[in-house]
Amino acid sequence: MTAAEARPLLGIGEVLQQLRGEFPDVTISKIRFLESEGLVRPARTASGYRKFSPGDVDRLRYVLTLQRDHYLPLKVIRDNLDAVDRGLEPPLGGGEARAPSSLVTDGAPRTEEFRPTRTRVRLTRAELVASSGLDEHTLGQVESYGLIAPHAGGYYDADAVTVATAVARMTGFGIEPRHLRAFKVAADREVGLVEQVVSPIARQRGPEARVRAEEAVRELAALSVQLHTALVRAGLNRDDPSS
């Protein structure tokens, strides 16, 4: 139970006292009218008395603010409240309601994470095993499926640490390296698509073209990860009645 849910319900007179400081012209008749218009739905006691929750008071405050500051008609306010009830961001100046801005970037990594110059480390095989939690045998299996490969000289980089650590944690759930081959195949396809899209820019002459190509690679890489995250989340939530 949240703090708001734990607060006692209020009678209409108590609601009026809470709102009058901000809205001096509000009356009990006004609150009843907004209820009759379906803009707020307080609970009723067995005796028929209205009981307002903190959410009801916030809803009334929202309606009164839109009337006072934006002169919106009740139909528009009702549409805005419907959008809020559906988790959307209602427009004040007309137009369609939109998904919360947080959803637009949710799961999107920063493009800077795809710079080739990210943390430079060089680990030996023994150091990679010690750092990631993978044992030697499992690391060999991971390498056989192409998920990790040493650079020239036999050293491993930061990406190898990230992959090895993730694999080590997944094996704790009974997942074997052979099951992870699909991740590598999917990643290779995404890389191929990015390279296909960016190659016309990269073939252009001049340093500016190279910079644009590098920026496009990073942005497409970040978007591909965002899409992958959203698709996995959607798949897991498909049978969840609360999603």
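**Exercise 1. Is Arg210 buried or exposed, and which residue does Arg210 form a salt bridge with?**

*Solution.* Start with accessibility: at 59% relative accessibility, Arg210 counts as exposed (buried means under 20% relative accessible area, exposed over 50%, and partly exposed in between, with a 1.4 Å probe and protein chains only). This is a predicted model, in which local features need pLDDT of at least 70 and side-chain atom pairs count only at pLDDT 80 or more, while totals for chains, interfaces and linings use all residues. Residues are numbered from 1 along each chain as its sequence is written, and side-chain values use heavy atoms, with hydrogens and water left out.

Next, look for the partner. Arg210 forms a salt bridge with Glu214, with 3.3 Å between the closest N and O atoms (a salt bridge is a side-chain nitrogen of Lys or Arg within 4 Å of a carboxyl oxygen of Asp or Glu). Glu214 is partly exposed, at 36%. Helices (H or I, at least four residues) and strands (E, at least two) are DSSP runs, numbered from the N terminus.

**Exercise 2. Which helices does the salt bridge of Glu136 and Arg125 link?**

*Solution.* First check the distance: the closest N and O atoms of Glu136 and Arg125 are 2.4 Å apart. Then locate the two ends, which link distant parts of the chain: Glu136 belongs to α8 (residues 136–144) and Arg125 to α7 (residues 125–132), 11 residues apart. Both ends are partly exposed, Glu136 with a relative accessible area of 44% and Arg125 with 25%.

**Exercise 3. How many salt bridges does a search of the whole structure find?**

*Solution.* The search gives 14. One of them joins Asp69 and Arg68 at 2.8 Å, N to O. Asp69 is partly exposed at 38%, and Arg68 is partly exposed at 38% as well. Elsewhere, salt bridges link Glu22, Asp58 and Arg61 in a network.

**Exercise 4. Which residues have the most contacts inside the largest nonpolar core?**

*Solution.* Begin with the core itself, which has 21 residues; Val15, Leu19, Ile31, Phe52 and Leu60 have the most contacts inside it. A nonpolar core is a set of buried Ala, Val, Leu, Ile, Met, Phe, Trp, Tyr and Cys residues joined through side-chain atoms within 4.5 Å.

Then zoom in on Val15. Leaving aside neighbours within four places in sequence, Val15 is in contact (heavy atoms within 4.5 Å) with Leu10, Ile31, Phe52, Val57 and Leu60.

**Exercise 5. What should helix α5 span, and which of its residues are buried?**

*Solution.* Take the length first. The expected span is 1.5 Å times one less than the number of residues, so the 12 residues of α5 (residues 74–85) should span 16 Å, in agreement with end C-alpha atoms 16 Å apart. Next, the buried residues are Leu74, Ile77, Asn80, Leu81 and Ala83. The buried residues of α5 pack against α3 (28–36) and α4 (54–70). Last, see what comes after the helix: α5 is followed by Gly87, whose phi is positive, near 80 degrees.
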